[in-house]
Structures are given as structure tokens and as C-alpha cells.
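Me: I've got a structure to go through. Can you walk me through it?
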Amino acid sequence: MENRKNWTRKEVLELYNKPLIELVFEAATVHRLHHDPLEVQVSTLLSIKTGGCPEDCGYCPQAARYHTDIAKNDLMSVQTVKAQALRARSSGSSRVCMGAAWRNVKEGEDFDQVLEMVRTVRDLNMEVCCTLGMITPDQARRLSEAGLYAYNHNLDTSEEHYKKVISTRGYQDRIETIGNARKAGLTVCSGGIVGMGESIEDRAAMLVTLSNLNPYPESVPINALVPVEGTPMEEQEQIPIWDMIRMVATTRIVLPTATVRLSAGRTEMTDEGQALCFMSGAGSIFAGDKLLTTPNPDINKDMKLFSTLGLVPQKAYKKGNKPEVNENYKNSNSEGRKVKWSRPAHDIDANIAATKSAKEKRKIEANS
Ligand code: SF4
């Protein structure tokens, strides 16, 4: 099976639309060439700073402009992160992914605290990933020197469909952030969300863009949208499991060496549906009751499923070296290297309507 980079949208679509049985078989075959099919990496996602985000991502309950049930939380302490990481490690997680609801990383105490979190979790012999929004080359360098293993920045969807989901930042900025992480020696985690009203062509286009990143991401999360009340996508229908299986299998074939992460939306999937995703090349799940803010299966339920399927959790640093810590991470060189991130600010009707409705609900709450 060839490992190629020049996929066209038409070819990816042809793969996606194959008879499902053929697609799953082909994906399972590719998976076995590059991965141990019985190993699944278990990651724990920690929301280190929750809610109050200035962006308008149409799927996200953490956007301050929408009215959702999310409880806002300031940045977690390093001690809390360490305690949660230890708990995650004892239940089989080899990676901690720390997420902060920021548009981009700003220099200052909060970023310094995140750097200490990175070093602390890395010292527990766990892989550390961060998802903090857009980062400059110098911030990527400092994260890398603090011992960060991976940086997550999802493309979310195709460039065309992205414009219908988010108006406060541009697709090219996302690609630039991924490039900044890559140049700093970090591994890249980037994938998307299915079920946001995109076409199958959009799903294929996102995979083509990912496959053209040079090198392509080591890790590709595939999320199923979890529609949350108060967000512009609250009424979006849950996607059928068959779409998830097709997307996982197609990702597996297009990006053969990447770890495909079966991410948000697992609570809506049956064990049999998840088993078919593992068969089709999913090599990672997120553990813990919450995925940032959306529900996730209980770890005991996951471990029972692993036992039924004969799967085992993967050890840390199985696919890459543990990063060395370089004390330079404490030194910022960002002066004179400020990046001006774009803000397209086009109108997205659903986002405008959800913002308006949130304002009305807040007014009613204030008067009651
Ligand atoms: S997805 Fe991230 S950037 Fe977008 S609103 Fe949510 S927290 Fe903010």
C-alpha cells in the first residue's frame, strides 16, 4: 500500500464513497502496515481555562457571545493540573492534552503558568499536548523547550465551509499556527468535526489539505459534532455512525502513519459502532467524563470495551522521543515578532442569530 501525498479531492471522495465493507477492509489493511491494531492511545483532555472565549466558532459552547450552561473558569493552577494528570496516568492515559479557550496566546503570567504545566506533566513521563489557539513562532519555541510533545490546532472543516462556521479568524492563520508548531520541532495534532452541515466534498477537501501539509500531522482527531443548546448549531442533527466510520476509514487511508483519534461524540455511539471505528484505523480515544465541555464515556466503560475487543492502552512516547527540557523556555523573544492575526468579520446568519438570542436571554435573566 503506497504512502502518498498528492491526493486529489476526487480520489478521496471515491474512497469515502466505496462500499462500506470494502472501505473498512482497505483501511484495516493500511492500519496494520503502520500501527499495532491492538494498541489504542488513551489521552486525557483537561480544560485548563474554560469559557469566555472571544471567538464565534458556531459549534462551541465556550464562545462568550452565546448563551450556554458552561461555567467559566480561570486558568487552573499547576498543582491541580499535576493532580489530574496523575489520576489520568493511573487510569491508563499516556497523554494529557491541555485546552484553553483563547483566541491566541498572549505573553504574560498565564502563558508562563502554562509553560510550567507543560514541564510538570512532561516530568510525569506523559506526553503533553496543548491547544491554546493561535501561537507565534516564539511561543511555539518556548512550548517546545518546556517539553511539549504536540500542539493541537484543528482545521475543523474545509476552507470553504469554515467561512460558514467562524467569522473571527481565518483558515490561513490556522495553517500558519500549525507551521509555527512544526518549525519549533513539535508534533502536530490537527483534524476536524463532522456533522456541522458540511458536504461530503468538504470532508474530502479537509483531508486533502491535511495530506498536503508537509509533513502531514502525526495525529488527526475526528470529532462528531455534539450540538449544544445556545450555540448556532444547537439544532444540527447528530450524524449517523456510518458517516463517522467512513470518515475514520478514509482518514486512515489518506494519512496512513497518523494516529486517528476518535474524539467528541462517543457518548452517542454504540460499542459496536466504536468497534468498527477501531477496526477502520482509529488508534486513540480521549478518556475522562468530559471532553473540554461535552460529555464523554466513563473510563470504566471504555476499559470494559477494550477488554471485549482485546485492545490495550499504548505506552507514552511509543511513537516519538520524550522532549528534552531547555531552560530557554523561560525567555521570551517575542518583542518585534508580534503576529497580526486576521479577523475576516463576514456575516454568518446562524452565529448572528445565536448572539442576538443570547443577549435577549441575558436581559431577561438580569430583570428576573
Ligand atoms: S472552539 Fe476554541 S476558539 Fe472557538 S470559541 Fe471555542 S474555545 Fe474559542
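Me: What radius of gyration would a compact globule with 368 residues have, and what does the protein have?
Reply: This is a predicted model. A compact globule with 368 residues would come out near 21 Å, and the protein has 20 Å, so the two agree.

Me: And what does the C-alpha trace span along its principal axes?
Reply: About 55 × 50 × 40 Å.

Me: How many helices and strands are there?
Reply: The protein has 12 helices and 12 strands.

Me: What share of the residues is buried?
Reply: Buried residues are 49% of the 368.

Me: Of the contacts with a separation of 6 or more, what share links residues 24 or more positions apart?
Reply: Those account for 82% of such contacts.

Me: New topic, the ligand. Which residues surround the ligand?
Reply: Cys53, Glu55, Cys57, Cys60, Gln62, Ala63, Ala101 and Gly133.

Me: How does that shell split by class?
Reply: Five residues are nonpolar, two are polar and one is charged.

Me: Now Glu198. Where is Glu198 placed?
Reply: Glu198 lies in the loop between strand S6 (192-194) and helix H8 (200-212).

Me: Is Glu198 buried or exposed, and why?
Reply: Glu198 is buried, because 23 other C-beta atoms lie within 10 Å. The cut-off for buried is 20 or more.

Me: Which residues does Glu198 touch, leaving out those up to four places away in sequence?
Reply: Glu198 touches Thr157, Ser158, His161 and Arg203.

Me: What about Val165? How far is its C-alpha from that of Glu198?
Reply: The two C-alpha atoms are separated by 9.8 Å, with Glu198 and Val165 33 residues apart along the chain.

How values were computed:
Residues are numbered from 1 along each chain as its sequence is written. This is a predicted model: local features need pLDDT of at least 70, side-chain atom pairs count only at pLDDT 80 or more; totals for chains, interfaces and linings use all residues. A residue is near a molecule or strand if its C-beta atom, placed from the backbone, lies within 6 Å of it. Ala, Val, Leu, Ile, Met, Phe, Trp, Tyr, Cys and Pro count as nonpolar, Asp, Glu, Lys and Arg as charged, and the others, Gly among them, as polar. Helices (H or I, at least four residues) and strands (E, at least two) are DSSP runs, numbered from the N terminus. A residue is buried if 20 or more other C-beta atoms lie within 10 Å of its own, exposed if 12 or fewer, and partly exposed in between; C-beta atoms are placed from the backbone. Two residues are in contact if their C-beta atoms, placed from the backbone, lie within 7 Å. The radius of gyration is taken over C-alpha atoms; the globule rule is 2.2 Å times the number of residues to the power 0.38.
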